[in-house]
Amino acid sequence: MNREEIRIQVGSWIAILMLMGIYHSCAPPIEPLADNWEKAVPYQKTPMGLISIKAKDCGICHQEIYKEWQLSTHAHAWTDLQFQAELKKESSPYLCINCHIPLENQQEFLIKGLRGGDIYQPVKEANPNFDPELQLEGISCSTCHVRDGHIIGTNGFTTAPHPVRVDTAILNEQLCMGCHNASAVVTPELVCTFQTGDEWMEGPYFGEKNCISCHMDTITRPLMAGLQDRTSHRHWFPGSGIPKRRGLESKALQGMAFYPDTLASRYDQGDSIRYQLKLVNEFAGHRLPTGDPERFYLINLRWENAASEEVVKNDTFRIGEEWVWYPEAKKVADNNMDPQESRLFITMISPAEKGDYNLYTRVTKHRMDPKTAAYNNLGNEYPLFITVFDEMQTIQIQ
Ligand code: HEC
Ligand code: HEC
Ligand code: HEC
Ligand code: HEC
Ligand code: HEC
């Protein structure tokens with residue numbers, strides 16, 4: 001390189017640096033946070049009379065409710081293996097945490113705005129009130145019950161050692177919908193879609209039963225051991241019951257009802273044998289599956305020759321959504337079942353050989369397919385499905 005070349009080289013570096021400087025001075029402005037998901041629930045101070053707003057401290061007095069909540073998926077909304085795996089990906093914006101650890105007290109950083117309005121460029125500042133223990137609790141008591149130094153309740157005549165404000169405008173199904181009814185295109189290949197709320201509003205239960213009446217059973221019990229009975233609600237928040245970790249106990253609701261045919265015990269050689277399983281979404285107030293679009297049901301109808309264990313026929317049906325994620329997230333198919341909808345699943349055989357035949361009917365509910373689980377490195381700890389119906393019938397061909 002001669003002197004002239006060096007001069008040009010240096011000159012162009014200066015030009016580049018100047019350009020960068022100029023670029024810097026007109027860097028996109030910091031825009032304030034806009035809609036709901038961009039913001040955390042503002043900092044909540046501990047109501048008078050309490051030592052903290054952590055669930056474990058509410059649980060000192062509200063022991064039963066605390067134990068119920070511990071079994072709920074809400075209590076694992078932060079520690080969930082899949083959530084943690086997804087959060088580490090660059091494609092996941094900061095705002096993912098706002099429904100999983102919604103209180104500012106649970107978040108390590110305060111978000112002061114977005115550079116150029118870009119959700120991948122949050123302007124962060126250390127949060128002096130960050131409580132790491134409260135973070136681990138995910139969707140905790142305080143998410144739903146603590147506002148402005150008060151405990152939000154629905155009774156109001158109780159003798160609580162903490163200030164109580166009755167506010168049914170907070171503790172109602174809108175609270176659930178705030179997180180369970182979201183439809184946002186974050187980036188072209190990342191969309192957030194949970195329509196459980198819309199499905200419920202469009203369905204037959206609207207005005208009759210809601211998220212709380214179906215998911216929080218009413219019981220009569222004291223709110224603290226030794227006190228008088230009150231109207232209370234279970235805090236398990238049961239869903240489909242696919243545990244979040246192997247061995248973890250979880251409460252479940254059953255939305256599907258199953259109506260299998262009963263086969264005759266004997267048929268003649270050459271008969272055409274028809275079997276049907278009827279599924280009815282009888283008990284869920286929304287479609288099934290609902291929520292996360294990765295969920296699905298498999299209905300497997302399998303005939304085996306009882307003596308040889310040879311599979312004679314194997315029919316599998318799927319209920320769920322199908323998406324393509326690249327280059328743009330798009331739903332390509334959806335046969336989820338509406339509330340009260342019924343559907344038939346049919347299999348037919350006509351065995352040529354005499355002997356006994358077993359029909360296995362098995363319905364499984366899946367959180368995700370094995371490919372997605374492997375992609376997220378979820379390993380063996382993460383149960384992928386549960387069996388919700390399992391039956392065997394034997395027939396004889398004579
Ligand atoms: C020192 C014991 C104690 C602690 C700690 C405590 N509570 Fe309470 N709480 C009570 C008692 C006692 C009542 C009233 C029971 C009654 O009169 O039947 C009550 C009532 C309530 C009610 C019902 C209010 C209403 O009128 O509907 C809610 C909701 C509640 N507590 C939530 C919480 C939450 C959330 C926490 C933790 C942030 C918490 N409590 C911590 C003792 C406690
Ligand atoms: C702050 C946001 C938020 C609020 C408010 C909220 N949820 Fe959730 N809920 C979640 C998240 C996030 C999960 C999933 C956690 C996970 O899978 O790790 C969840 C899970 C559930 C599940 C279990 C689903 C399963 O697969 O087991 C049910 C049922 C449920 N919520 C019902 C409710 C009801 C009823 C209410 C209102 C009383 C409510 N939720 C309020 C965010 C919320
Ligand atoms: C996802 C929101 C949510 C979470 C999390 C939650 N609760 Fe509740 N809780 C409610 C709702 C909704 C009601 C009122 C139901 C009604 O009256 O219709 C309620 C009612 C109560 C009551 C009044 C008595 C009763 O059972 O109705 C107490 C006490 C209470 N919760 C304590 C707690 C404690 C303690 C925790 C944490 C261990 C907790 N809650 C977690 C939503 C929640
Ligand atoms: C009529 C009763 C009813 C109503 C109303 C209802 N649910 Fe459900 N929900 C169920 C049943 C039953 C299931 C269990 C489905 C199954 O078999 O897996 C369920 C499952 C769920 C699940 C787990 C979804 C899955 O596929 O694993 C979530 C999340 C949920 N409900 C949230 C809500 C929310 C939020 C509302 C209010 C907008 C609501 N539910 C209203 C009965 C109801
Ligand atoms: C609008 C509130 C909201 C936001 C924002 C949100 N989630 Fe969730 N997330 C939920 C709810 C509600 C559920 C439970 C859905 C259900 O069970 O039907 C959930 C469940 C999950 C689950 C468990 C899925 C399963 O099958 O059990 C994972 C993982 C997850 N979210 C990751 C993320 C990631 C990553 C982001 C950011 C891209 C994010 N969430 C942003 C509300 C939210």
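In the predicted model, the iron atom of ligand 4 is coordinated at 2.0 Å by His215 (NE2) and His286 (NE2). Donors are N, O and S atoms within 2.8 Å of the metal, or 3.2 Å for Na, K and Ca; water is not among the atoms, so sites may look incomplete. The site has six donor atoms, with angles of 86 to 179° among them, and is octahedral. Six donors count as octahedral if opposite donors are over 155 degrees apart and all others between 65 and 115. Ideal angles for six octahedral donors are 90 or 180 degrees.

The model is predicted: local features need pLDDT of at least 70, side-chain atom pairs count only at pLDDT 80 or more, and totals for chains, interfaces and linings use all residues. Residues are numbered from 1 along each chain as its sequence is written, chains are lettered from A and ligands numbered from 1 in the order in which they are written, and side-chain values use heavy atoms, with hydrogens and water left out.

The iron atom of ligand 3 is coordinated by His145 (NE2) and His235 (NE2), at 2.0 to 2.1 Å. Its site is octahedral too, with angles of 87 to 179° among six donor atoms. Histidine 145 lies in helix H7 (residues 141–145), and histidine 235 in the loop between strand S10 (229–233) and strand S11 (256–260), so the pair ties together parts that are 90 residues apart in sequence. Helices (H or I, at least four residues) and strands (E, at least two) are DSSP runs, numbered from the N terminus. Histidine 145 is partly exposed, at 24% relative accessible area. Histidine 235 is buried, at 14%. Buried means under 20% relative accessible area, exposed over 50%, and partly exposed in between (1.4 Å probe, protein chains only).

Strand pairing was examined next. Two strands pair if DSSP finds at least two bridges between them. An open sheet of three strands has the order S4-S5-S6, and its pairing is mixed. Strand S4 (146–147) and strand S6 (164–166) stand at the edges with a single partner strand each, so one side of each is left without a neighbour in the sheet. S4 and strand S5 (residues 150–153) run antiparallel and are joined by two bridges. Here arginine 147 stands opposite histidine 150 in S5.

S13 also pairs with other strands. Five bridges join S13 to S11, and the two run antiparallel. Phenylalanine 258 has leucine 279 in S13 as its bridge partner. Eight bridges join S13 to strand S17 (residues 342–349), again antiparallel. Leucine 279 stands opposite arginine 343 in S17. S13 is mostly covered, with seven of its nine residues buried.

Strand S18 (residues 355–366) contains asparagine 358. Asparagine 358 is buried, at 10% relative accessibility. Its C-alpha atom is separated by 8.9 Å from that of glutamate 309, 49 residues apart along the chain.

Tyrosine 375 is in helix H11 (residues 370–375). Tyrosine 375 is exposed, with a relative accessible area of 58%.

Conventions:
Four donors count as tetrahedral if all angles lie between 85 and 135 degrees; four count as square planar and six as octahedral if opposite donors are over 155 degrees apart and all others between 65 and 115; anything else is irregular.
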